[in-house]
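Please read this report alongside the sequence and the 3D view, and find each named residue as you go.

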There are 2 protein chains.
Amino acid sequence: MSISTNTAGLAGIVAGQTALSTVGKEGAGLTYRGYSIEDLAEHAIFEEVAWLLLYGELPKQLELDAFLARLQSQRDLPAQLKAVLAQLPESAHPMDVLRTACSALGCLEPEHSAADQFRVAERLLAIFPSALAYWHHFARSGNRIDTESPEPTMAGHFLHLLHGVQPSAEHRRALDASFTLYAEHEFNASTFAARVTASTLSDMYSAITSGIGTLRGPLHGGANEQAMELIERFTDPDHAEQGVLTALSRKEKIMGFGHRVYRDRDPRSDVIKEWSRRLSQAAGDAQLFAISERIEQVLRREKKLFPNLDFYAASAYRFLGIPTLLFTPLFVFARTAGWAAHVIEQRADNRLIRPTADYIGPSTRPFRPIVQR
Amino acid sequence: MSISTNTAGLAGIVAGQTALSTVGKEGAGLTYRGYSIEDLAEHAIFEEVAWLLLYGELPKQLELDAFLARLQSQRDLPAQLKAVLAQLPESAHPMDVLRTACSALGCLEPEHSAADQFRVAERLLAIFPSALAYWHHFARSGNRIDTESPEPTMAGHFLHLLHGVQPSAEHRRALDASFTLYAEHEFNASTFAARVTASTLSDMYSAITSGIGTLRGPLHGGANEQAMELIERFTDPDHAEQGVLTALSRKEKIMGFGHRVYRDRDPRSDVIKEWSRRLSQAAGDAQLFAISERIEQVLRREKKLFPNLDFYAASAYRFLGIPTLLFTPLFVFARTAGWAAHVIEQRADNRLIRPTADYIGPSTRPFRPIVQR
């Protein structure tokens, strides 16, 4: 028996249950375990949000302190992982590098059973920024950086390793808020891929590896890179308006706008846009933010499209001095909390995720030996 | 709008269309692009089947010759991949090693656009057996094997690299037939994961990496390893009968039996069982096959369960001298043809695969600062 509906892309199909977040549910907006994303992005640090997703409640001070200390103590890379990263060329896409780092760590520090799942989740949260920064510097300059830093948060730690200097409080806070916005988003494609992987009772590393490979695509996390490439084509707002109109007339897809689930607005966009504006002012930027706003206006006017999180994340990350190719990897750092929480949730009430397909191929046909073909 | 049905695990939900295979469709049995699996396993070599899946028709002799030559010429590993494999310890699970090899190759030889997809698919088919054998020998003995062999087929090549000697014609043929059986199976979990990854327009390596990580689980490809572990617990058929009855009374799940889609029988099981019987006789085996048959009888009698492909694949692989931990990786070698064909099919008519979820978490609740928790 199969239920045949118009299910292309499983749009609107309920594929399971979750207690992690509401996306586009009437009246709720976007919440993580009941807390609004606006509150979390403004009042909590990313590590509180990661704890909330993994363990179910916001941490008390002692819990948060212990969590931060555990993460800080696990930032260093095993020697074999450094050796693996050193083999990956500068030309490699950083998402491919993170995917490989995750997979290789699964060989070095395997998850022996589901009893290990929180340990592995915390290790991955701690190590991804270090792994990316290590490879980034080694591939470009041959410099083997120290992956320790005095920074207590992931945001500060990554900025410190990337730039080699202590970040400003505002930069730290901006990146931290973006991590909160990126941390979790229900059954998006990468999270769903991670749950499909977990549903065969495979290990945490395999599930997160699936998540990274899926996030990489331009219809998902890769959108923030593509948004930046678009914005950077233009020298001022009027130029942007002309360029976007031309692109639309050529039916080009503009990345960073619209959403499978949201219909009118992405609640995350307002938060990241405000950060982009603040960073723009602090940077004395005269064009990048104005160009971004104009692109938003044109798409709203011409196509009734609204920006999603990826669009203003692009300019915000540029103001933080982050190279475009590292934008989607930053999404990985944050979403690892959501992916891991979904794997844990999937395992708690597992059923193999195995849909079926409509067959549209040739009818049964007789085999012909190769000499008769 | 969401369609809320009893969709746990998406059982019976049509998630898309395929022209690649029929699984459990009335009257058709299992076919690959219209050809019955029984015909293909008996009359074709695996490379003909891989060509059929990738390119749509059975190859003519000249096409097959050129395909075999291309695959043979691409078996060697890049130096950086050898260096990566050399970092992965003997204790690593070979599935984690293959997952990492696939991901690392994506850094070294990226797919620049969908125009590369057939090149990448062929490269992966050619290189996986070499990569696994290279790591297997290096991790155990420090021996850096030559990954070239004079064997024209993947089955012969892998047996040659594994054992270091030319395989017998019967061993070659048995492994080859098992590859055909494992090559493709509609929207199973690993193929579905690969399609979810591909649906964000991510690259072929990411999709295949998702496939490997998903296949690894004991509810999917990992079942053949678990079946072998079960069979090897017993010294004779009566012992097996007692052991299985005990396991059933403890509600233990027996791997290698039953199937999400098939209701009465797995058409692949008859073929692999016959190979297991032939190899058993050739090996002068007195127990292993008999134990396997008794386990089948007990599960049929007690639970009305039938063996799936994984059950007799286990003993067949044992007769070929293949270590248990390499069973699921052999599944990867073959299924790479199916995964790649599905990625190509997904891309040809892509829609992002993004379902939705029923929210069962806390109601919206006010944020409380950490000092008030």
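## A proline in a loop

At a relative accessibility of 43%, P152(A) counts as partly exposed, where buried means under 20% relative accessible area, exposed means over 50% and partly exposed lies in between (1.4 Å probe, protein chains only). P152(A) belongs to the loop that runs between α6 (117-141) and α7 (154-163) of chain A; helices (H or I, at least four residues) and strands (E, at least two) are DSSP runs, numbered from the N terminus. If its neighbours within four places in sequence are left aside, P152(A) is in contact with L68(A), Q72(A) and R75(A), contact meaning heavy atoms within 4.5 Å. The C-alpha atoms of P152(A) and E47(A) are separated by 9.8 Å, although the two residues are 105 residues apart along the chain.

This is a predicted model, in which local features need pLDDT of at least 70 and side-chain atom pairs count only at pLDDT 80 or more, while totals for chains, interfaces and linings use all residues. Residues are numbered from 1 along each chain as its sequence is written, chains are lettered from A and ligands numbered from 1 in the order in which they are written, and side-chain values use heavy atoms, with hydrogens and water left out.

## Chain A as a whole

The secondary structure of chain A comes to 16 helices and five strands. Chain A has a radius of gyration of 22 Å, close to the 21 Å that the globule rule gives for 373 residues, so it is as compact as a globular protein of that length; the radius is taken over C-alpha atoms, and the rule is 2.2 Å times the number of residues to the power 0.38. Along its principal axes, the C-alpha trace of chain A spans about 70 × 55 × 50 Å. Of the 373 residues in chain A, 64% are buried, and among contacts between residues at least 6 apart in sequence, 74% join residues at least 24 apart.

## Rings and charges

Rings of Phe, Tyr and Trp (its six-membered ring) pair if their centres lie within 6.5 Å, and planes under 30 degrees apart count as stacked, over 60 as edge-to-face and the rest as tilted. By this rule the count comes to 29 aromatic pairs over all chains. One of them is tilted and joins W51(A) to Y55(A), with 4.5 Å centre to centre and 45° between the planes. These two residues are four residues apart in helix α2 (residues 46-55) of chain A, and therefore about one helical turn separates W51(A) from Y55(A). W51(A) is buried, at 12% relative accessibility, whereas Y55(A) is partly exposed, at 30%.

The rings of F158(B) and F333(B) form an edge-to-face pair, because their centres are 5.1 Å apart and their planes stand at 70°. This pair links distant parts of the chain, 175 residues apart: F158(B) is in helix α7 (residues 154-163) of chain B and F333(B) in helix α16 (residues 327-348) of chain B. Both F158(B) and F333(B) are buried.

| Charge | Ring | Distance from ring centre |
|---|---|---|
| R278(A) | W275(A) | 4.1 Å |
| R278(B) | W275(B) | 4.1 Å |

Terms used:
Lys NZ or Arg CZ within 6 Å of the ring centre and 35° of its normal.
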